[in-house]
Amino acid sequence: QMNSLIICLKVFDSMLCVLCICLQQGRCEYILKRSSFKSTKVIGFSWENCGQAKDPAVMKSLALSPDPISIPGDLKASAAGSTAVALTSPLAVNLTVEKEVYGVWVKVPCVEEIGSCDYTDVCQLLDKAIPPGQACPEPLHTYGIPCHCPFKAGDYTLPETDFYLPNVDLPYWLTNGNYRVEGVLGNSGLELGCLKVTFSIHSN
């Protein structure tokens, strides 16, 4: 198992849920292979909505601190978002991961379900990570943020929360450099939302 790096939110972000279930639970069995580093720093994290104006799911705020984020180390995180429609199965997420190589952005292929991958239904992935009927892990449980589909329309907020990021095994391609990740959330061919994040990795 691998402890996750990003907060799992119910808003829009089944996309983020593909990457995580909860920082403190180590539940993301389907993530990441396998290059160990003594320490890793995530520098210059930024984000933006990249969807169309009519997309019903949007991220309103997402803050991670400090900068750089040290792994292992402490993290403060907060987020807010909304969806104007219910998010139901099949809830697809299409990820595009790119790395900057000599000034050119190069697409990272999908290898063992990591990288620029298309996930046909993240609802099934969530059920695999946290069996239905089992309580959602903290801090989702405390703030009433569900961790299973369907997700009702509405506004959702994760107040600033403290986490500890343990040491992790990184995928072999996640070497030092600049990265950008774009995730498109959809259902039955319709785009529901889009989120883009950028960051730099420095590992020892």
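Is C149 buried, partly exposed or exposed? C149 is partly exposed, with a relative accessible area of 21%, where buried means under 20% relative accessible area, exposed over 50%, and partly exposed in between (1.4 Å probe, protein chains only).

The model is predicted, so local features need pLDDT of at least 70 and side-chain atom pairs count only at pLDDT 80 or more, while totals for chains, interfaces and linings use all residues. Residues are numbered from 1 along each chain as its sequence is written, and side-chain values use heavy atoms, with hydrogens and water left out.

**Exercise 1. Describe the disulfide that involves C149.**

Step 1: C149 is joined to C123, with an S to S distance of 1.9 Å, and a disulfide is here a pair of cysteine sulfur atoms within 2.5 Å.

Step 2: The torsion about the S-S bond of C123 and C149 is about -85°, so this disulfide is left-handed.

Step 3: C123 lies in helix α2 (residues 122-129) and C149 in the loop between α2 and β9 (154-165), so the pair ties together parts that are 26 residues apart in sequence; helices (H or I, at least four residues) and strands (E, at least two) are DSSP runs, numbered from the N terminus.

Step 4: C123 is buried, with a relative accessible area of 4%, whereas C149 is partly exposed.

**Exercise 2. Characterise the disulfide of C136 and C147.**

Step 1: C136 and C147 are joined with an S to S distance of 2.1 Å, and the torsion about their S-S bond is about -95°, so the disulfide is left-handed.

Step 2: C136 and C147 each lie in the loop between α2 and β9, and the pair ties together parts that are eleven residues apart in sequence.

Step 3: C136 is buried, with a relative accessible area of 16%, and C147 is buried at 1%.

**Exercise 3. Locate the cis peptide bonds from D67 to P68 and from S89 to P90.**

Step 1: The bond from D67 to P68 is cis, with omega near 10°, and P68 lies in the loop between β3 and β4 (69-71).

Step 2: The bond from S89 to P90 is cis, with omega near 0°, and P90 lies in the loop between β5 (73-83) and β6 (92-101).

**Exercise 4. Describe the backbone and exposure of Y102 and S188.**

Step 1: Although Y102 is not a glycine, this residue has a positive phi of about 50°; Y102 sits in the loop between β6 and β7 and is exposed, at 85% relative accessibility.

Step 2: S188, which is not a glycine either, has a positive phi of about 55°; S188 lies in the loop between β11 (177-187) and β12 and is exposed at 64% relative accessibility.
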